[in-house]
Structure formats: C-alpha cells, structure tokens
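This briefing goes through the fold, the helices, the sheet and the nonpolar cores of one protein, with the cut-offs behind each term. Please keep the structure in view while reading.

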Amino acid sequence: AVHSSLTAIDIQCNKIGVEGALRLSEVLMTNNTLCDLNLAGNAIMDEGCEVICNALIFNRKSRVNTLNLGNNKIVQAGFHLSKLIRQNKTLRHLYLWRNNMGNRTRGGESSFSYIGEAIPFNRALFMMDFTFNNIQPLDAIKLVESLIANAKSLEREPRVLKIIEGNMIPGSCIPYLARFFALYRLPLSDGNEPPAQPGPEEWKPKAVKNITVDKAELRKT
C-alpha cells in the first residue's frame, strides 16, 4: 500500500520487475498525491511500462509530474508511451534513457517512431530524456518533420530534449531540433552511464545555436 499523503517514490534498482509494476499500477489508478516516481533500473520491460502508462492515462486526478523509466529494458512499448505523451496533462519530466526504443520490430516500426509522432502534441512536458536508445537516423528525421509540420503548436516556453548521446542522430537534424528544444550534453561521471535524476544545477541548458538549414538537406545522411 502507498501512504495517502506520499508525494515521492524512489525505488530505482530494486528489481521489482513486471510483477512489481503491475502492483504499483493498481495504486496509480487512484492515487492523487504522488508527484515523483522513480522506477529506473527495475527491468519492468514492455509489459510493466504498458501498465504504468495506462494507469497514468486512466487516472485523470493523477499528479505525477516526474516519471523515470530509465534502464528498464523497454523495447516495444512505444505505442503506450505515445498515448501517455498525448493524453497525460501533468507530466513535466519524462526519463526514458538507456532502453532500446530505437530497435525496429518485425513490422518495421520502432517504439521511438510512435513517440516522435506524439511529442509535438504535448504542451506540458518540459524535460524529455531519450539518450542511449539506439534511435536510428530515419526516426530522428521523422521527429524533425513532425515538429516542422506542427510548429505553431510548439510556440511556447523552451523545453529540454536529451537525445544526442547514445543515438544515431544525423547532423542535419541538429539545427532543426534546436529550433524547438534546448539541446545539451551532460558530463557523464564514468563516461558511459547517464544520471538517473538530474540535479537542479543541470536545468540550465547549453542550447545549440539555431542555424538555418535548407529543408532539402534534412534527409542527407
């Protein structure tokens, strides 16, 4: 059971697995006090990610604004994550680092392709972390094209997008991404592992300069 006044849960690296995610999702269906949920490093996999997303979509009174699902062996849950991004109105910080959402399924689509289509339609998220997901060039290009097509809906406060490290982002995409997001690279303590939860000092983004690039150059890799 979760205490009715609890506002944060940090159970990263506790091996809760799919079963733990299922039990936690039952609580999230009705809880309206929890704000921060850190499940990083728990191997909840696609099934666990699905039930967490569904709970946060179902519960319209949810106050969860920070969700960390980093390093959870998430590969094919992109459709459910895209629904969460489109429909949830309270999330401000979403961490999905070190999963494998750039890997393509037998049908040819990757999880990130669904997520990329949803990002332009979310007006609440301030920080998104997709580092170390093996995102492929084609999906990065599709994200940029979706951002360009929905540019008017993105005219609001600058947001932070961590997507450069650990992904195959074409150089031609960087100036376009920088028009819509602050892009920055964090110093990694061991040169490999991204931090589970950025500290306050990291909220000052090192923005990439917005450079005008001909749209025809976008698909040149």
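Contact, as used throughout, means heavy atoms within 4.5 Å. Helices (H or I, at least four residues) and strands (E, at least two) are DSSP runs that are numbered from the N terminus. The model is a predicted one, in which local features need pLDDT of at least 70 and side-chain atom pairs count only at pLDDT 80 or more, while totals for chains, interfaces and linings use all residues. Residues are numbered from 1 along each chain as its sequence is written, and side-chain values use heavy atoms, with hydrogens and water left out.

**Overall picture and confidence**

- The protein has six helices and seven strands, and from the N terminus on its elements run β-α-β-α-β-α-β-α-β-α-β-α-β.
- Of the 221 residues, 51% count as buried, where buried means under 20% relative accessible area, exposed over 50%, and partly exposed in between (1.4 Å probe, protein chains only).
- Among contacts between residues at least 6 apart in sequence, 84% join residues at least 24 apart.
- The mean pLDDT, the predictor's confidence in each residue from 0 to 100, is 84, and 79% of the residues reach 70 or more.
- Over residues 186–216 pLDDT stays under 50, and for this stretch the model has 53 contacts beyond four places in sequence.

**The sheet**

- Seven strands form an open sheet in the order β1-β2-β3-β4-β5-β6-β7, with parallel pairing; two strands pair if DSSP finds at least two bridges between them.
- Strands β1 and β7 stand at the edges with a single partner strand each, so one side of each is left without a neighbour in the sheet.
- Strand β2 is joined by three bridges to the parallel strand β3 (residues 66–68), and Asn38 has Asn68 as its bridge partner in β3.

**Helix α1**

- Helix α1 (residues 17–28) has 12 residues and reaches 16 Å from its first C-alpha to its last, close to the 16 Å expected at 1.5 Å a residue; the expected span is 1.5 Å times one less than the number of residues.
- Its buried residues are Gly17, Gly20, Ala21, Leu24, Ser25 and Leu28.
- These residues cover an arc of only 140° around the axis, which puts them on the same side of α1; the arc is that of the directions from the helix axis to the C-beta atoms.
- Arg23 and Glu26 are exposed on the other side of α1, whereas the cover over the buried residues of α1 includes β1 (8–10), β2 (36–38) and α2 (45–58).

**Helix α5 and Asp139**

- The 13 residues of helix α5 (residues 137–149) should span 18 Å at 1.5 Å a residue, which agrees with the 18 Å between its end C-alpha atoms.
- The buried residues of α5, among them Ile141, Leu143 and Val144, pack against α4 (111–118), α6 (174–180) and β7 (181–182).
- Asp139 lies in α5 and is buried, with a relative accessible area of 2%.
- Leaving aside neighbours within four places in sequence, Asp139 is in contact with Gly102, Arg104, Ser110, Phe112 and Ser113.

**Nonpolar cores**

- A nonpolar core is a set of buried Ala, Val, Leu, Ile, Met, Phe, Trp, Tyr and Cys residues joined through side-chain atoms within 4.5 Å.
- Of the 52 residues in the largest nonpolar core, Leu67, Leu69, Leu81, Phe130, Ile163 and Leu177 touch the most other members.
- Helix α2 gives the most to this core, with seven residues.
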